[in-house]
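Subject: Structure for your review

Dear colleague,

Please find below the structure that I am handing over to you, followed by an account of what was found in it.

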Amino acid sequence: MTPSATATPAAHPEHPEPVGLDASAVPGAAPAEAAEPVGQPTPAGVRTGRAQIDDLDARILALIAERVHTAATIQAARIAEGGRRLDLKRETEIIARYREALGRPGVTVAMAVLELCRGRV
Ligand SMILES: O=C(O)C(=O)C[C@]1(C(=O)O)C=C[C@@H](O)C=C1
């Protein structure tokens, strides 16, 4: 197990204290009803929207997995021809594309995607 897998997750910037923890996930804890966050209304619009977000996140994660696989195929082909695993010119183009679409946070997203797609030697 990597150190990052065991580390305590970073606090949310706007919620430094843990909030709304699902106590039912803890063995022997109270049932789920008792774990509802206090003070946060969860009308139908929130529940529906969250279901959509859960679906979107699942699709994003599946696309990332597909991208990682495709990048590995590209790199294997290049390495088989005597090339290097990485192509920094191409990475610069990709980072620019994300920046154009998303602004400064796009650079962070592109860097994270590329980190996942660079492959591990
Ligand atoms: O396009 C390539 O040449 C890849 O290897 C894929 C990819 C990427 O994930 O987009 C990954 C690593 C390279 O440094 C550049 C780009």
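This is a predicted model: local features need pLDDT of at least 70, side-chain atom pairs count only at pLDDT 80 or more; totals for chains, interfaces and linings use all residues.

Two members of the shell may be described individually. Is Q75 buried, exposed or partly exposed? Q75 has 18 C-beta neighbours inside 10 Å and therefore counts as partly exposed, since a residue is buried with 20 or more such neighbours and exposed with 12 or fewer. Once neighbours within four places in sequence are set aside, Q75 has contacts with R85 and G119. Between Q75 and L88 there are 13 residues of separation in sequence and 13 Å in space, taken from C-alpha to C-alpha.

Because I74 has 14 C-beta neighbours inside 10 Å, I74 counts as partly exposed. I74 and L86 are 12 residues apart in sequence, and their C-alpha atoms are 9.9 Å apart in space.

I turn now to the chain as a whole. The chain contains four helices and zero strands, and its pattern along the sequence reads α-α-α-α. Of the 121 residues in the chain, 1% are buried. Where contacts link residues at least 6 apart in sequence, 32% of them join residues at least 24 apart.

The helix packing deserves a separate account. Two packed helices are described by the angle between their axes and the distance between the axes.

For helix 2 (residues 44–80) and helix 4 (residues 104–117), the axes come within 8 Å and cross at roughly 55 degrees. Helix 2 is therefore oblique to helix 4. The crossing of these two helices is right-handed. On the side of helix 2, the contact involves I64, R67, V68 and A71, which meet V113, L116 and C117 of helix 4. By class, the residues of this contact are six nonpolar, no polar and one charged.

How do helix 3 and helix 4 pack, and at what angle? Their axes lie 7 Å apart, at an angle of about 140 degrees. Helix 3 is therefore oblique to helix 4, and the crossing in which helix 3 passes helix 4 is right-handed. From helix 3, the residues E91, I94, I95, Y98, R99, A101 and L102 meet P105, G106, V107, V109, A110 and L114 in helix 4. The residues of this contact divide into 10 nonpolar, one polar and two charged.

Yours sincerely

Notes: Residues are numbered from 1 along each chain as its sequence is written. Axes are lines fitted to C-alpha atoms, for helices over the stretch in contact, and angles run from 0 to 180 degrees between N-to-C directions. Angles under 35 degrees count as roughly parallel, over 145 as roughly antiparallel, 65 to 115 as roughly perpendicular and the rest as oblique. A crossing is left-handed if the near helix is turned anticlockwise from the far one by less than a right angle, and right-handed if clockwise. Two residues are in contact if their C-beta atoms, placed from the backbone, lie within 7 Å. Ala, Val, Leu, Ile, Met, Phe, Trp, Tyr, Cys and Pro count as nonpolar, Asp, Glu, Lys and Arg as charged, and the others, Gly among them, as polar.
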